[in-house]
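Have the model open as you read.

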Amino acid sequence: MAMKITVIGLGYLGTTHAVAMAKVGHQVIGIEPNQHRIDCLVQGKAGFFEPGLDEELAAQLATGRLAFKQAHDEFSRDADIHFICVGTPQTAGSMAADTSYLESAIRDVALYLREDALVVGKSTVPVGTASKLTAQLAQDTGFTAPNLAWNPEFLREGTALEDSLNPDRLVVGVTNSRSEELLREVFAPMISAGVPFLVTDLATAELVKAAANAFLATKISFINAMAEIAEVSGADATQLANAIGYDERIGNKFLRNGVGFGGGCLPKDIRALIARAEELGVGESVSYLHEIDKINLRRRDRVIALLTKELGSLQAKKILILGAAFKPDSDDVRDSPALGIALLAKAAGAEVIVHDPVALHGVALKHPELELQQDLLKAFIGVDAVVLATEWKEYRELDPKSVNPGNKFIIDGRNVLDVALWQQAGFKVLALGRTITN
Ligand code: UGA
């Protein structure tokens with residue numbers, strides 16, 4: 001049955017969730033204090049690059065089931081569920097997550113919350129946050145036992161809408177049967193399509209998300225650690241990943257070695273887990289995550305070392321970085337390995353040119369010191385070295401004979417190029433985690 005819901009915080013997560021909830025038939029109001037975001041959303045523009053999202057946003061606006069507002073109003077008093085999707089960024093000067101946006105979202109919703117309605121947190125949080133927010137909500141509303149649940153989100157950028165509509169699993173942390181009933185009702189279309197629905201307590205639901213991202217980061221850094229060994233021993237980490245992946249207990253997903261992981265989630269989430277575990281007095285349990293972070297960042301240094309070996313000093317050398325986004329099909333440059341490499345090369349004295357099919361606008365604002373080039377063929381002209389740092393389709397399918405660098409030298413930072421093809425076009429090709437004979 002269609003329910004009335006609000007979605008609070010319209011960033012990546014909230015926008016996608018609001019659209020997905022409208023698509024499955026609910027009446028949805030998205031709430032976001034930033035007027036500029038509202039102006040953009042009401043025109044059917046998500047405001048970030050996510051394949052298929054703008055089209056679905058416009059379609060849902062047209063049904064009348066989806067609308068956006070700057071603040072709560074009478075609709076919120078009628079709403080059965082309020083989903084909180086605000087950001088929990090890394091706190092400046094610390095590894096911990098900043099939960100202040102959640103606290104203010106709770107304060108705001110408390111003024112409109114019915115006693116039988118449910119508040120559901122979706123943001124990624126340190127374990128223990130939901131129970132603190134429940135206490136805050138009780139104080140702000142005067143209800144003895146307000147309904148607050150946690151429902152972590154596992155969507156990936158680039159496939160966000162599809163992941164929201166057809167998740168691998170739904171995890172809900174609840175404290176009473178009323179909350180579980182409401183969540184079963186709101187997710188009924190997914191549950192009846194066979195999506196596993198896992199009911200836990202609040203702390204477990206919070207920790208499931210942190211653990212999932214820590215595991216994914218660990219898988220990537222594991223294969224990148226093997227890549228470091230492969231590089232000095234003559235082994236091939238790509239073949240190695242393929243070979244170990246045949247063991248079903250290991251699996252072959254998330255074992256692509258290269259310049260490492262980035263984005264708004266994996267790096268910040270492992271740091272937040274370290275910080276929370278330390279606060280809880282069990283820092284040792286995840287101290288290995290420090291190494292996961294370090295292995296990841298060392299991959300960027302490896303690219304700089306390869307460039308330096310090839311070019312001598314990087315001083316005044318022209319280096320083209322292919323990619324700025326942290327992964328393809330996204331314009332997100334947060335903690336992007338590609339951008340990290342560009343900045344390291346710049347710091348080493350190189351003249352750095354960055355190309356990306358969609359993410360340059362975000363780079364221009366933050367890093368005016370980098371030269372940006374939107375035209376891929378022009379970007380190659382006269383450069384001394386090329387680094388493929390984000391595996392966009394445009395780069396994977398590029399005909400190396402169509403480009404005109406000053407020096408034909410490319411580092412495949414994602415192990416996606418057809419090496420023989422590039423070599424036939426006269427390029428010297430180096431890659432991470434394997435030795436290529438040129
Ligand atoms: C990640 C998780 O995969 C989602 O499940 C989670 O919901 C999301 O964080 C979140 O917490 O919101 P996302 O940040 O969109 O999703 O990106 P991923 O697909 O996980 O990729 C992360 C990074 O790892 C990218 O930089 C990617 O290039 C890199 N990666 C991925 C590798 O270097 N090797 C691999 O084998 C896979």
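At 36% relative accessibility, R77 counts as partly exposed because its value falls between the limits for buried (under 20% relative accessible area) and exposed (over 50%), with a 1.4 Å probe and protein chains only. Helices here are DSSP runs of H or I, at least four residues, and strands are E runs of at least two, numbered from the N terminus.

This is a predicted model: local features need pLDDT of at least 70, side-chain atom pairs need 80 or more, and totals for chains, interfaces and linings use all residues. Residues are numbered from 1 along each chain as its sequence is written, and side-chain values use heavy atoms, leaving out hydrogens and water.

## Other salt bridges

The structure holds 26 salt bridges. R299 pairs with E231 at 2.9 Å. That one links distant parts of the chain, from helix α13 to helix α10 (residues 202-233), 68 residues apart. R299 and E231 are both buried.

D269 and K268 also meet, at 3.0 Å N to O. D269 is buried at 4%, and K268 is buried at 15%. Elsewhere, D80, R114, D116 and R178 are linked in a network of salt bridges.

Notes
Salt bridge = Lys/Arg side-chain N within 4 Å of Asp/Glu carboxyl O.
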